Amino acid sequence: MKKLIKSFQYAGRGIRYCLRNERNMRIHLIASVYVLIFSLFFSLSSLQYAVLVLLIALMFSAEMINTAIETLVNLVSPCYHQLARIAKDVAAGAVFVCAAAAVLIGLLFFWKPEVSPAIVRFFADRPWCLLLLAASVVF
């Protein structure tokens, strides 16, 4: 049981490291929060929410794997090397592919112009929510 608890602690430490040290991880976190908040304005099915959760997990996982690869490459090849660059570029490309897929699926789920007035009314009635949203962009 101690080994299992330790493995969760190590995983938590890895997640914290990425959130503290990787700007893109923080961007993915804020974008995920926005997606989940704005999803409340749409009539999404349980399946669509499941897809959103999977996409968010995929984005975080891809970013964390990218960080692990970059860190390992920096360890074994502290000087510039063409193969090190390729490894880092391919890992970054994998994150980009995940992000592009998430954006396309997001457009399929959320491209409903008829919902826009409800979103505008919500924020017009609650300017403090708009301030929170703007403050999170600075974060």
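A residue counts as buried when its relative accessible area is under 20%, exposed when over 50%, and partly exposed in between (1.4 Å probe, protein chains only). At 12% relative accessibility, Ser32 is therefore buried.

Before going on, note that this is a predicted model, where local features need pLDDT of at least 70 and side-chain atom pairs count only at pLDDT 80 or more, while totals for chains, interfaces and linings use all residues. Residues are numbered from 1 along each chain as its sequence is written, and side-chain values use heavy atoms, leaving out hydrogens and water.

Ser32 sits in helix 2; helices here are DSSP runs (H or I, at least four residues), numbered from the N terminus.

| Residue | Touches, not counting residues up to four places away in sequence |
|---|---|
| Ser32 | Ile56 and Phe60 |
| Phe42 | Phe109, Phe110, Lys112, Val115 and Ile119 |

Phe42 also belongs to the largest nonpolar core, which has 8 residues in all, including Phe109, Val115 and Ile119. Such a core is a set of buried Ala, Val, Leu, Ile, Met, Phe, Trp, Tyr and Cys residues joined through side-chain atoms within 4.5 Å.

A pocket is an open set of points on a 1 Å grid where a 1.4 Å probe fits, with protein on both sides within 12 Å along at least five of seven lines; lining residues have an atom within 4 Å of a point. The largest pocket holds about 370 Å³, and 14 residues line it. Helix 4 gives the largest share of that lining, 6 residues.

Conventions: Grid points are joined across faces, edges and corners, and a volume is the space filled by probe spheres set on the points. Helices (H or I, at least four residues) and strands (E, at least two) are DSSP runs, numbered from the N terminus. Contact means heavy atoms within 4.5 Å.
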